[in-house]
Amino acid sequence: MAAPSFPSPAFPMHVGVQEARELLAALLPVPGAERVPLREARGRVLAVDLPALVSHPSATESALDGVAARAEDTDQATPGAPARLRVVGESRAGLAFAGRVGSGECVRIYTGAPMPPGADAICPVEQLAEDGPDHVLLQRPARREDVRHEGGDFRTGEVVLRSGVRLTPSRLALAAALGHPQVPVLRRVRVALLSTGDEVIEPGRPLHPGQVYDSNSAGLGAMLEDCGCEVLPLGHAPDRPEALAEVIAGVGGADVLLTSGGVSMGRYDFMRDLLVQQGRVAFWKVRMRPGGPALVGGWHGLPVVGLPGNPVSSLVVFHVIVRPVLTGQPLETLKFRAATPFRGLPDKTAFWRGVVRGGEVRDYGQQGSGVLRSLSEANALVIVPEGGQVEVGQEVEVALL
């Protein structure tokens with residue numbers, strides 16, 4: 001089956017990186033919402049704003065172990081002339097002092113315990129000395145700053161976590177503190193993952209000349225899971241149009257199909273041909289290196305992302321284009337000083353592999369698309385815009401890997 005010709009394509013032949021993201025985002029379905037227990041919500045995306053069901057702290061409390069007192073009774077306290085107060089009780093977490101602190105009195109208090117009425121300041125235990133069974137000596141003034149006021153962190157009804165944030169461990173802890181045993185999250189995007197190519201075989205089998213092990217399934221599957229997706233592995237399909245069509249037709253329950261291989265310019269790039277002839281193509285080729293021959297389209301209502309078969313190109317396109325769309329988070333970049341020059345390309349955005357160390361970034365060295373180990377040993381993609389050039393000492397935009 002010969003590669004098709006495109007005299008007047010009904011889709012963009014070459015698009016920029018941002019346009020590729022936008023076209024992909026337009027094809028993906030909007031996921032619905034579901035409620036899950038907190039223990040199952042790590043990495044999920046919050047579907048709605050989350051308000052506080054309680055205030056935190058729920059009462060004005062102490063930030064230290066020590067004594068709670070009236071600040072005016074201790075203002076002049078020094079090690080040479082300590083303030084002497086009578087101890088009238090104690091307050092601890094879960095069991096507050098029932099009385100009221102009067103002039104010249106104090107209450108022993110512990111971190112997180114409610115402040116007793118009448119007291120407005122804390123003196124830490126390190127600044128106390130015992131003076132008989134019922135009195136203490138304060139060697140410095142009690143401080144109002146060591147009191148945590150009710151609702152100082154958040155108040156009942158206040159929206160604390162916003163829709164669209166990813167639930168990290170710290171945000172899950174916050175959701176629990178807000179009073180939520182369950183949270184509404186976006187349903188995981190279900191991605192069917194398929195590798196193609198006659199030369200691709202499973203790791204562990206004998207490798208014959210011209211064959212390669214299927215590294216894309218491992219790398220892309222892990223990246224999809226990092227994005228919070230549910231991965232539906234389809235394994236591998238050979239370079240035969242009927243075999244590809246059969247596998248794709250059997251995809252059920254997926255929101256999107258992600259393939260690697262078969263989308264370039266070759267005679268045997270049948271994934272491209274199938275979508276052009278029998279499906280839909282939103283764009284073919286992105287103005288970037290590595291990873292230019294990428295394709296986005298559809299197959300009978302199923303969105304399809306076709307990545308290059310070359311593992312370096314495939315993983316870079318996923319990181320730069322697919323990940324931001326799946327997560328809803330833009331590609332995060334930082335500025336570093338270039339320790340080596342980075343060349344630009346006249347008509348493509350370059351994503352060169354680099355090594356960031358000590359506030360600088362240098363060229364990894366081997367930039368060939370076949371050098372898979374480079375993505376393991378490099379820790380950054382150095383972004384050089386179309387037609388740009390970066391000299392030593394200039395600032396350059398970097399996406400950390």
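In which sense do β13 and β17 pair, and over how many bridges? The legends below take up this pairing and several other close-up views of a predicted model.

**Figure 1. Strands β13 and β17 in the predicted model.**
The two strands, β13 and β17, pair in the parallel sense, and the pairing runs over five bridges. V191 stands opposite V256 in β17, and L194 stands opposite T259 of that strand. T259 also has a bridge partner in β21, namely G306. Between β17 and β21 the pairing is again in the parallel sense, over four bridges.

**Figure 2. The open sheet that holds β17.**
Six strands make up this open sheet, in the order β16-β13-β17-β21-β20-β18, and their pairing is mixed. At the edges are β16 (230-237) and β18, each of which pairs on one side only. Neighbouring strands are turned by 20° against each other on average, direction ignored. Helix α5 (residues 270-278) lies across β13, β17, β18, β20 (295-299) and β21. Relative to β20, helix α5 runs at about 55°.

**Figure 3. Burial of strand β17.**
Five of the five residues of β17 are buried, and the strand is mostly covered. Both of its faces are covered. V256, L258 and S260 lie on one side, L257 and T259 on the other, and all are buried.

Leaving aside neighbours within four places in sequence, L258 is in contact with V191, A192, L193, L194, L220, L224, V305, L307 and F318.

**Figure 4. Strand β25 and its two pairings.**
Strand β25 (residues 380-384) is largely enclosed by the rest of the structure, because five of its five residues are buried. A380, V382 and V384 point one way from β25, whereas L381 and I383 point the other way. With strand β23 (residues 349-357), β25 pairs in the antiparallel sense over five bridges. G354 stands opposite A380 in β25. Four bridges join β25 to strand β26 (residues 395-400), and these strands also run antiparallel. V398 in β26 is the bridge partner of V382.

**Figure 5. H180 and its surroundings.**
H180 is placed in the loop between α2 (169-178) and β12 (182-186). Is H180 buried or exposed? H180 has a relative accessible area of 10%, so it counts as buried, the cut-off being under 20%. The side chain of H180 reaches the backbone oxygen of P51 at 2.7 Å. Not counting residues up to four places away in sequence, H180 touches L38, L50, P51, L53 and A175.

**Figure 6. The open sheet that holds β5 and β6.**
Six strands form this open sheet in the order β7-β4-β6-β5-β9-β8, with mixed pairing. Its edge strands are β7 (121-124) and β8 (128-130), each pairing on one side only. From one strand to the next, the twist averages 40°. β5 and β6 run parallel and are joined by four bridges. R86 stands opposite E105 in β6.

**Figure 7. G99 in the loop between β5 and β6.**
G99 is in the loop that lies between β5 (83-91) and β6 (105-109). Its relative accessibility is 28%, so G99 counts as partly exposed. G99 and R84 are 15 residues apart in sequence, and their C-alpha atoms are 20 Å apart in space.

**Figure 8. Confidence along the protein chain.**
The average pLDDT of the protein chain is 92, and 97% of the residues score at least 70. Over residues 1-8, pLDDT stays under 50. For residues 1-8 the model has 20 contacts beyond four places in sequence.

Terms used
Residues are numbered from 1 along each chain as its sequence is written. This is a predicted model: local features need pLDDT of at least 70, side-chain atom pairs count only at pLDDT 80 or more; totals for chains, interfaces and linings use all residues. Side-chain values use heavy atoms; hydrogens and water are left out. Buried means under 20% relative accessible area, exposed over 50%, partly exposed in between (1.4 Å probe, protein chains only). Two strands pair if DSSP finds at least two bridges between them. Axes are lines fitted to C-alpha atoms, for helices over the stretch in contact, and angles run from 0 to 180 degrees between N-to-C directions. A polar contact is a pair of N or O atoms within 3.5 Å; within protein, one must be able to donate a hydrogen and the other to accept it, and residues adjacent in sequence count only if both atoms are side-chain atoms. Contact means heavy atoms within 4.5 Å. pLDDT is the predictor's confidence in each residue, from 0 to 100.
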